Amino acid sequence: MAFKPSRDRSDLRLPSIEMQTINVVGAGFSGLTTAYFLTKCGFKVRIFEKTDRAGGLIHTIRSAHGLVETAANGLLNSARLEAMCTDIGVPLLPTRRDGRKRFIFRGRPRQLSLTTSDMTTLAFRLATHAISFHPRQFETITDWGQRVIGSGATNYLLAPALGGIYAGDPKRLSASLIFGRAALPDHLKTNRPARGKVRGTVAPPNGMQQLIDGLCVYLKDAGVEFLFNYEARLEPNEPAIVCLSARAAAEFLADAVPELSQALRGIEMLSLATVTCFYPAEAARLKGFGCLFPRDQGFRSRGVLFNDCIFDGRGPAHSETWIFGGALDPDVVNLGDDELAQLIASEREKFYGKHDEVLDLRITRWPNALPHYSIELERILTVLPAPPSNIALVGNYLGQIGLAKILERAAFVANQFALKFGNSLAA
């Protein structure tokens, strides 16, 4: 693999890399965890990152009022995550007891958002076993929900819950992809997460940046070489694992694997905006993980997280993160800072029935951040061309979304490279 500094387009070449050195392209969560598992397999690793920092979307900002997460505030726990974090010396906090409640807005925030009629319909359908619960190929979440659990449970439970995770349009989201039933090719296989000692969402005490920093320190101590502000270019037969977004991977692979690159270019990406707001402690009127907003309830926000209720150490102020954008509202990311602040003030007053003065707010915009897990993506992935044997892909667009599943994919790919290139997986 040859590389050029991103600011210097000269024909700089690095020395040739031995076969047992694996090149990881991208230093986000995907790249760092892939590098970690490669080192556990005995490989030498080089990580190439076109920006000046590791972590990708993940970054934690410490303000006077509390922590601000620019992306995920935690990740689902698993046995593999626990083992890795123990190995790299990063502790994990469980979700607080107060943070286990989840709400859906239907006239008001409710833990149970279904009516008696909705519950009756759902119970009858679950009891009769007359309907196949398995999603059909290219069946949307809305169609699956209407067929299996009824319209009420679909509109006020399933759609908002999945919309909060995938930011997609329920009328286009793929039921097969989301429920792990899609007929994907062998080269997209991954591991199934094994249950950890602690269930649910976890996070490091000092925020997600602590996990990124812990991985970086471990990898550097293990001899992994980081090259920042470099753009990678593939050379024939050199082993590489591409840990980029779908669009960045498509661009990276354009010359070497044009058919695969063209397929990846067809993946629709969704834009998001998150706003973390701090209020006086007494403004915390609802204790829980957060609240999701069905589309007919008059909110532009997809949902709100109650950060200081989820994990310890997120204060001292009361902290909320309001989430906007996705497939149903792509233009919201173009709003100015003042417009977003006014929108939150209006929606928050509608939500609580009272106005609170904001102490501080931090806005993060992520254009083209998430793949749309639509039936169009299902069609692309079911026939996605396999890369050459010396190349593998790790990312959130390959049929598994969320950091916990990316972690499993990283471990799986590292093990496959160990089998291909002769290293045995470390115990």
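Strands are DSSP runs of at least two residues, numbered from the N terminus. In this predicted model, strand E3 covers residues 44-49 and includes Glu49.

- Glu49 is buried, yet it takes part in no salt bridge.
- The nearest side chain of opposite charge belongs to Arg53, at a distance of 7.7 Å; a salt bridge would need a side-chain nitrogen of Lys or Arg within 4 Å of a carboxyl oxygen of Asp or Glu.
- A polar contact of 2.7 Å joins the side chain of Glu49 to the side chain of Thr51.
- When neighbours within four places in sequence are left aside, Glu49 is in contact with Gly26, Ala27 and Gly28, and also with Leu227, Phe228, Asn229 and Tyr230.

**The second largest pocket**

- The volume of the second largest pocket is about 530 Å³.
- Its lining consists of 23 residues.
- Of these lining residues, Gly180, Arg181, Thr190, Arg192 and Gln400 lie nearest the centre of the pocket.
- Helix H6, which spans residues 175-178, gives the most to this lining, contributing 3 residues.

**Asp213**

- Asp213 belongs to helix H7, which runs over residues 208-221.
- The relative accessible area of Asp213 is 40%, so this residue is classed as partly exposed.
- Asp213 and Gly55 are separated by 158 residues in sequence, while their C-alpha atoms are 8.4 Å apart in space.

Notes:
Residues are numbered from 1 along each chain as its sequence is written. This is a predicted model: local features need pLDDT of at least 70, side-chain atom pairs count only at pLDDT 80 or more; totals for chains, interfaces and linings use all residues. Side-chain values use heavy atoms; hydrogens and water are left out. Helices (H or I, at least four residues) and strands (E, at least two) are DSSP runs, numbered from the N terminus. Buried means under 20% relative accessible area, exposed over 50%, partly exposed in between (1.4 Å probe, protein chains only). Lys and Arg count as positive and Asp and Glu as negative; His and the chain ends are not counted. A polar contact is a pair of N or O atoms within 3.5 Å; within protein, one must be able to donate a hydrogen and the other to accept it, and residues adjacent in sequence count only if both atoms are side-chain atoms. Contact means heavy atoms within 4.5 Å. On a 1 Å grid over the protein atoms alone, a cavity is a set of points where a 1.4 Å probe fits but cannot get out, and a pocket is an open set with protein on both sides within 12 Å along at least five of seven lines; lining residues have an atom within 4 Å of a point. Grid points are joined across faces, edges and corners, and a volume is the space filled by probe spheres set on the points.
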